[in-house]
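Hi everyone, thanks for coming.

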Amino acid sequence: MKNLPKNLHAVYFDVDGTLTKSNIVEPLLYIKKQVMSPFRYSLWRAGLPFRFMYWTFLDKIDREKATASIYRQYKGISVETMDSLKTQCYQEKYQKKLFSKALETINTFKRQGTQIVLVSGSLDIFLQLLAEELGAELISSRLETKNGIYTGEMEGRAVSGKRKAELIRQHAHSNQFTLENCASFGDSGDDIAMLSSVQYPVAVNPDKKLASLAQKNNWELLIWS
């Protein structure tokens with residue numbers, strides 16, 4: 001990466017579409033299939049195209065609300081059950097889909113002594129395993145629990161859009177990092193705020209909105225597969 005110095009304080013990475021070929025719906029499908037009877041899962045899956053249409057429509061208006069709507073599908077699942085399934089789900093939906101170039105890039109930063117931070121709307125229960133594997137800190141969405149059961153609501157807000165930028169600024173301040181000496185990597189228009197919050201933004205596998213802005217602002221563009 002020609003535009004990045006070797007003495008960065010921190011690099012902030014989006015996960016889905018940036019580090020891995022993943023999305024927030026695939027883990028939900030995996031968990032639902034494990035916790036529901038075949039008949040109930042078939043009925044739930046039959047309604048999925050309509051849910052996808054709704055989530056896609058909502059995502060274009062407000063990604064934070066779309067994320068919250070998707071995560072309401074976890075309502076009623078026990079923490080114990082999720083804990084028993086999280087490792088296999090992580091391996092199938094994240095670990096196997098990690099871009100080799102992403103891993104290579106992260107290892108390069110680590111050798112330079114740069115702090116790696118994952119900033120994602122995906123759930124911490126899965127991404128904590130990725131963070132541990134990569135030797136990274138984690139900032140991600142969390143589900144609310146009550147009496148050992150997931151309520152379907154989120155703890156706080158989804159880590160999305162401008163919220164990502166806010167959390168990056170908070171993290172940098174608490175660690176006495178200067179954002180002028182930090183980089184961030186993202187793949188979509190939703191990541192524009194987090195990319196704009198640092199001195200060195202990098203667009204990875206960008207969608208049309210991000211690609212257009214990156215070219216206009218002369219941000220570095222990478223394709224990882």
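Let's begin with strand 2 (residues 115–123) and strand 3 (residues 137–141), which pair in the parallel sense over 5 bridges. Pairing here means that DSSP finds at least two bridges between two strands; helices (H or I, at least four residues) and strands (E, at least two) are DSSP runs, numbered from the N terminus. Within this pair, V117 stands opposite E137 of strand 3. To get from strand 2 to strand 3, the chain passes through helix 7 (residues 124–134), and this β-α-β crossover is right-handed. Right-handed means that, with the strands pointing away from the viewer, the path from the first strand over the helix to the second runs clockwise.

A word on the ground rules. This is a predicted model, where local features need pLDDT of at least 70 and side-chain atom pairs count only at pLDDT 80 or more, while totals for chains, interfaces and linings use all residues. Residues are numbered from 1 along each chain as its sequence is written, and side-chain values use heavy atoms, with hydrogens and water left out.

Now the whole sheet: it is open, with 6 strands in the order 3-2-1-6-7-8 and parallel pairing. Strand 3 and strand 8 (220–222) stand at the edges with a single partner strand each, so one side of each has no neighbour in the sheet.

Further in, strand 1 (residues 10–13) pairs in the parallel sense with strand 6 (residues 182–186) over 4 bridges. There, V11 has A183 as its bridge partner.
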